[in-house]
Amino acid sequence: MKGGYLIIAAFAAVMVTVYAEDTPILPVPTYCPDVDPEDRTIHLAHEYDCTKFYKCIGGNKVELLCPFMDKAKTRRLHFNKVLQVCDLPARANCNSPAVQTTPRSKDDWTPEWTCGNRPVGTFLPHKTRCHLFYQCTSYGQVLQRCAEGLVFNPYAQVCDKSGKCVATDVCKDYRNTEGSYLPDPLSCKNVYYCKEETTEKYSCDENAEWSTQSDKCLPADQANCSRKL
């Protein structure tokens with residue numbers, strides 16, 4: 001990479017606290033525009049989980065998680081799509097059917113990432129990509145790909161449009177074989193390099209920030225970065 005010096009680091013889960021405002025955003029955003037507005041950041045409701053939401057960056061959706069609402073860390077705030085913030089569940093008015101209020105049955109899928117002693121023919125999700133999954137065979141696990149527009153649903157053991165992807169990687173929706181940079185939604189210092197199966201995280205040096213226009217680290221006063229909460 002050109003520009004400021006980059007340091008590779010392991011991928012870390014992204015979490016964010018969105019501070020409440022009482023100004024409704026209407027109409028409610030339903031997609032990420034190709035060009036980010038200069039006056040505000042667009043967030044989208046998650047397809048099935050009230051505790052998650054997406055932040056739009058350059059036409060891409062970056063999944064984020066609402067913070068806990070209690071000291072015991074047992075309950076999270078819900079995303080309020082009208083106010084564009086993480087809010088108390090009673091105010092957020094999110095009624096996603098996939099938010100679990102009772103334990104799943106023993107027949108539901110539980111997190112498993114390797115075939116181990118699982119029966120031949122079992123399908124397992126990929127850790128970092130929604131469209132990838134593994135098929136357990138007598139020769140080991142074999143990587144498979146869902147068709148365009150579909151993601152692997154570990155609960156139903158099929159590729160479908162349910163959106164029930166269990167991957168939490170920031171690049172989980174990236175499908176291309178060619179690599180691409182995705183700016184960190186919370187920091188001007190970091191950038192993710194998405195490839196079809198893996199994610200790498202880089203950090204600009206002390207006096208540099210990532211420039212989305214130049215796709216490289218530049219001095220902070222030249223990077224024109226506004227990705228700061």
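Of the 229 residues in this protein chain, 41% count as buried. Keep in mind that the model is predicted. The chain has two helices and 16 strands. Its accessible surface is about 13500 Å², and carbon and sulfur atoms hold 50% of that. Now contacts along the chain. Take those with a separation of 6 or more: 43% of them are between residues 24 or more positions apart.

Next, the disulfides. The structure has nine. A disulfide is a covalent bond between the sulfur atoms of two cysteines.

Start with Cys 50 and Cys 94. Their sulfur atoms are 1.9 Å apart. Cys 50 sits in the loop between β2 (43-45) and β3 (52-57), and Cys 94 in the loop between α1 (89-92) and β7, so this pair ties together parts 44 residues apart in sequence. The S-S torsion is about -85 degrees, so the disulfide is left-handed. Are the two ends buried or exposed? Cys 50 is buried, with a relative accessible area of 2%. Cys 94 is partly exposed, at 24%.

Second, Cys 171 and Cys 194. The S to S distance is 1.9 Å. Cys 171 is in the loop between β11 (158-160) and β12, while Cys 194 is in strand β13, so the bond ties together parts 23 residues apart in sequence. With a torsion of about -55 degrees, this disulfide is left-handed. Both Cys 171 and Cys 194 are buried.

Third, Cys 204 and Cys 217. Here the sulfur atoms are 2.0 Å apart. Cys 204 lies in the loop between β14 (199-203) and β15, and Cys 217 lies in strand β16, so the parts they tie together are 13 residues apart in sequence. The torsion is about -85 degrees, so this one is left-handed. Cys 204 is buried, with a relative accessible area of 6%. Cys 217 is buried at 2%.

On to the rings. The structure holds five aromatic pairs. Take Phe 123 and Phe 133. Their ring centres are 5.6 Å apart and their planes are at 80 degrees, so the pair is edge-to-face. Phe 123 is in strand β7 (residues 123-125) and Phe 133 in strand β8 (residues 132-137), so the pair ties together parts ten residues apart in sequence. Phe 123 is partly exposed at 23% relative accessibility, and Phe 133 is buried at 10%.

Another pair is Tyr 181 and Tyr 193. The centres are 4.8 Å apart and the planes at 50 degrees, so this pair is tilted. Tyr 181 belongs to strand β12 (residues 180-183) and Tyr 193 to strand β13 (residues 190-194), twelve residues apart. Tyr 181 is partly exposed at 25%. Tyr 193 is partly exposed at 22%.

Ring pairs also build a cluster. Which residues does it link? Phe 123, Phe 133 and Phe 152.

Lys 61 lies over the face of Tyr 54, 4.3 Å from the ring centre. The charged end of Arg 76 is over the ring of Phe 68, 3.7 Å from its centre.

Last stop, Gln 213. Where is it? In the loop between β15 (208-211) and β16 (216-219). Gln 213 counts as exposed because its relative accessibility is 57%. Its side chain makes a polar contact of 3.4 Å with the side chain of Ser 211. A polar contact of 3.5 Å goes to the side chain of Thr 212. Leaving aside residues up to four places away in sequence, Gln 213 touches Ala 223 and Asn 224. The C-alpha atoms of Gln 213 and Asn 224 are 8.6 Å apart, with the residues eleven apart along the chain.

Notes:
Residues numbered from 1 in each chain as written. Predicted model: local features only at pLDDT ≥ 70, side-chain atom pairs only at ≥ 80, totals over all residues. Heavy atoms only, no water. Helix = DSSP H or I, 4+ residues; strand = E, 2+ residues; numbered from the N terminus. Buried < 20%, exposed > 50% of the residue type's maximum accessible area, 1.4 Å probe, protein only. Contact = heavy atoms within 4.5 Å. Polar contact = N/O pair within 3.5 Å; in protein donor to acceptor, adjacent residues only side chain to side chain. Areas by Shrake-Rupley, 256 points an atom, 1.4 Å probe, with all protein chains shown as cover. Phe/Tyr/Trp six-rings, centres within 6.5 Å; stacked < 30°, edge-to-face > 60°. Lys NZ or Arg CZ within 6 Å of the ring centre and 35° of its normal. Disulfide = S-S within 2.5 Å.
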